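Here are my notes on the charged pairs in this one. Have the structure open while you read.

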Amino acid sequence: MNQAAVKVSPSLLVILAEGFLSRLAFGIISFALPLFAYRKMGLSLTATGFLFSVNLIVEQTFKPAMGWLADRIGLKPSFTIAIALRSLMALLLVFANAPWHVYAIKMLHGFSESLRDPSVSALIAEHADKKKMASAFGWYTTAKMSAGSLGKALGGWLLWWTLDSYSNVFLIAFVNVVFAAVRGGAVSGRAATSFAVGWQDGR
């Protein structure tokens with residue numbers, strides 16, 4: 001048996017697990033949040049549609065700058081900061097009770113994604129077998145997209161199970177994001193040390 005064929009970097013497995021779990025949580029949120037904004041906060045359909053896309057606007061606006069920042073401070077500290085912001089975003093949704101709250105939270109989500117995506121892509125390239133890099137990205141994309149679809153389905157079931165208690169649904173998503181963040185933290189190791197080394201190396 002070719003043992004080289006089954007060797008996988010533990011850090012890469014952690015990145016895959018974090019991607020799956022966090023996207024599962026945000027699949028739940030992406031299903032529940034527009035309904036929450038429209039039904040509970042009284043946003044118009046136009047305002048709800050804009051809410052659904054505001055994080056993408058922020059993400060694409062800041063992504064080049066955040067990629068530069070990740071090169072400066074290091075990939076692992078950037079990844080750690082991004083998943084911490086994603087956890088904060090999920091928690092804040094539990095307490096949101098005004099339209100501007102959800103808009104601000106979605107903007108925070110977009111900002112965290114603008115920092116996370118360049119970092120996680122570079123980390124996959126760093127930890128993947130150089131001869132199987134395309135496969136690593138393929139598995140990561142499959143895990144992420146599958147989890148997002150599953151999360152949306154789970155979001156509908158959770159709303160039924162909690163009797164339309166959006167705060168409880170967001171709390172469940174937050175717990176899942178925190179668990180994903182803990183898994184992602186294994187990649188980062190000692191964040192302070194990585195920050196210092198990355199800054200000195202200009203990574």
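1. First, a term: "buried" means under 20% relative accessible area, "exposed" is over 50%, and "partly exposed" is in between, with a 1.4 Å probe and protein chains only. On that scale Asp 117 is buried, at 16% relative accessibility, while Lys 63 is partly exposed at 21%.

2. Some ground rules. This is a predicted model, where local features need pLDDT of at least 70 and side-chain atom pairs count only at pLDDT 80 or more, while totals for chains, interfaces and linings use all residues. Residues are numbered from 1 along each chain as its sequence is written, and side-chain values use heavy atoms, with hydrogens and water left out.

3. I call it a salt bridge when a side-chain nitrogen of Lys or Arg is within 4 Å of a carboxyl oxygen of Asp or Glu. That gives six of them.

4. Asp 117 and Lys 63 form one of these, at 3.2 Å from N to O. Asp 117 sits in helix α4 and Lys 63 in helix α2 (residues 45-73), so the pair ties together parts 54 residues apart in sequence. Helices here are DSSP runs (H or I, at least four residues), numbered from the N terminus.

5. Arg 116 pairs with Glu 18 at 2.6 Å, N to O. This one links helix α4 (residues 99-127) to helix α1 (residues 10-40), with the partners 98 residues apart. Arg 116 is buried at 1% relative accessibility, and Glu 18 is buried with a relative accessible area of 1%.

6. Have a look at Arg 86 and Glu 113: their closest N and O atoms are 1.8 Å apart. Both residues are buried.

7. Finally, salt bridges with shared partners join Glu 18, Glu 59, Lys 63, Arg 116 and Asp 117 into one network.

Technical notes: Helix = DSSP H or I, 4+ residues; strand = E, 2+ residues; numbered from the N terminus.
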